[in-house]
Amino acid sequence: MTLSINEILRREFPGYARSRRLPARQHRAAWLLSRCGRSELGGHLERCPCAQTERIVWHSCKHRLCPRCARKVKDQWLERERARLLPCAHHHIIFTLPHELLDWWRFNQAAMGNALFAAAAATLTELLADQRYLGACPGMLLALHTWSRSLALHPHIHALVTDGGLDGAQWRLPRRSHFLPALVVKALFRGKLLAALARLLAKGTLRLPPDWSPERARSLINRLGRLRWQVWLCERYDHGQGVLLYLARYLRGGPLRDTQLLATSTQQIVMRYRPHGAPPTTMTLTPPAWLARYLEHAPVTGQHALRHYGLYAPTATARREIARTQVPPPTARAPRYHASHPRPAPRCPHCAQPLRFAHRLPPQRSPP
């Protein structure tokens with residue numbers, strides 16, 4: 001059988017969906033990915049000027065989970081973000097949602113995603129505005145990832161933060177060699193996220209799993225307030241572009257690539273992945289178990305998985321340009337990025353001219 005995520009969804013999802021109640025975002029993701037590059041999404045006809053050659057091009061799905069649609073979008077995003085990035089050192093900070101809240105996440109992905117973004121951004125903004133640490137406004141780029149390397153649910157925020165900030169019209173550097181104290185970051189992030197969840201619970205806008213009562217939910221919030229949360233502060237990077245390249249791999253294309261599939265059948269799916277700090281290994285799942293893991297990462301329609309704050313906010317262009325003139329030059333060269341080269345446009349073998357758009361083709365139920 002074809003080693004393709006799109007083929008697996010086309011073959012296995014109809015039976016999987018008939019026996020389960022799935023959220024609309026998973027139905028939408030499976031419908032689009034299983035029809036990517038096929039006549040069901042429509043297409044267009046291309047023809048050469050001499051009318052000797054023509055071809056049909058079926059449209060792609062452009063879904064965020066689709067690995068086939070990821071390359072061009074990632075290249076465009078990288079070029080745009082590299083132009084926004086200030087030429088200074090950056091810090092990479094990872095905020096992780098406690099696994100005790102995973103059941104809540106499954107029922108409230110949009111609300112909890114917004115709360116996770118807000119808590120991480122508010123934590124960094126408040127601490128870096130403190131004169132003890134920076135006393136200025138930094139540039140912050142936050143990206144949401146929901147998967148681990150084994151496709152398990154693991155919501156976390158990757159934050160790319162400038163090593164310095166703008167105080168009025170003056171660029172300031174951090175006062176501490178370790179940028180921010182880890183224990184303080186963990187405690188403040190924990191407090192802000194739990195306070196946000198408590199507010200949602202009190203308003204009744206937080207949908208609890210069927211076997212959860214409000215009393216049990218409040219008890220969990222109180223218990224999590226006494227635990228130490230996972231926040232990882234990486235070493236300083238002389239350039240932010242290395243982390244930007246890392247984030248681009250997760251911006252589009254989903255948690256898995258077709259090349260990681262080793263074998264697929266109606267009984268099992270074998271995939272390859274690399275655990276943290278360990279050599280590559282394989283995992284074998286039944287098709288329903290694989291679909292449950294994969295589709296759990298289908299994003300909420302309209303929710304941004306990448307957000308900008310501080311000097312990187314869309315409304316801070318003028319302040320960002322002021323900071324750009326004051327940032328000290330970096331001590332190391334930025335990593336080189338090799339953009340993927342677009343495929344050359346097909347040409348007519350008779351007149352050697354590129355094929356041009358002729359007219360659109362409506363979506364079809366089955367290939368002609």
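1. Start with Val 270. In this predicted model, Val 270 stands opposite Thr 284 in strand E11. Strands E10 and E11 are antiparallel partners, joined over five bridges.

2. These two strands belong to an open sheet. The sheet has three strands in the order E9-E10-E11, and the pairing is antiparallel. Its edge strands are E9 (261-264) and E11 (281-285), each of which pairs on one side only. From one strand to the next, the twist averages 15°.

3. A helix covers part of this sheet. Helix H9 lies across E10 and E11. The direction of H9 is at about 110° to E11.

4. Helix H1 (residues 5-18) and helix H9 (residues 287-295) meet at an angle of about 110°, and their axes are 10 Å apart. The two helices are therefore roughly perpendicular to each other. By class, the contact of H1 with H9 has twelve nonpolar residues, no polar ones and one charged residue.

5. Which residues in H1 meet H9? They are Ile 5, Ile 8, Leu 9, Glu 12, Phe 13 and Tyr 16. Facing them in H9 are Pro 287, Pro 288, Trp 290, Leu 291, Ala 292, Tyr 294 and Leu 295.

6. Now the five-stranded sheet. This open sheet has the order E8-E3-E5-E4-E12, again with antiparallel pairing. E8 and strand E12 (306-310) stand at the edges with a single partner strand each, so one side of each has no neighbour in the sheet. Neighbouring strands are turned by 20° against each other on average, direction ignored.

7. E4 and E12 run antiparallel and are joined by five bridges. Ala 143 stands opposite Leu 306 in E12. Helix H6 (residues 182-203) packs on the sheet and touches E3 and E8. The direction of H6 makes about 145° with that of E8.

8. H8 lies across E3, E4 and E5. It runs at about 35° to E4. Tyr 250 is one of the residues in H8.

9. What does Tyr 250 touch, not counting residues up to four places away in sequence? The contacts are His 145 and Trp 147. Tyr 250 and Ala 305 are 55 residues apart along the chain, yet their C-alpha atoms are separated by 9.9 Å.

10. Tyr 250 leads on to a pocket. The second largest pocket has a volume of about 900 Å³. Its lining holds 38 residues. The closest to its centre are Trp 147, Arg 149, Tyr 246, Arg 249 and Tyr 250.

11. Where does this lining come from? At least two residues each come from helix H3 (70-84), strand E3 (90-96), strand E4 (139-147), strand E5 (153-162), strand E8 (231-233), helix H8 (241-251) and strand E10 (269-273). H8 gives the largest share of the lining, seven residues.

12. To see how the parts connect, trace two elements. E10 pairs with E11 and also supplies at least two residues of the lining of the second largest pocket. H8 lies across E3, E4 and E5, and each of these strands likewise supplies at least two residues of that lining.

Conventions:
Residues numbered from 1 in each chain as written. Predicted model: local features only at pLDDT ≥ 70, side-chain atom pairs only at ≥ 80, totals over all residues. Heavy atoms only, no water. 1 Å grid on protein atoms, 1.4 Å probe; cavity = no way out; pocket = protein on both sides within 12 Å on 5 of 7 lines; lining within 4 Å. Points joined across faces, edges and corners; volume = space filled by probe spheres on them. Helix = DSSP H or I, 4+ residues; strand = E, 2+ residues; numbered from the N terminus. Axes fitted to C-alpha atoms, helices over the stretch in contact; angles between N-to-C directions. Parallel < 35°, antiparallel > 145°, perpendicular 65-115°, else oblique. Contact = heavy atoms within 4.5 Å. Nonpolar A, V, L, I, M, F, W, Y, C, P; charged D, E, K, R; others polar. Pairing = 2+ DSSP bridges.
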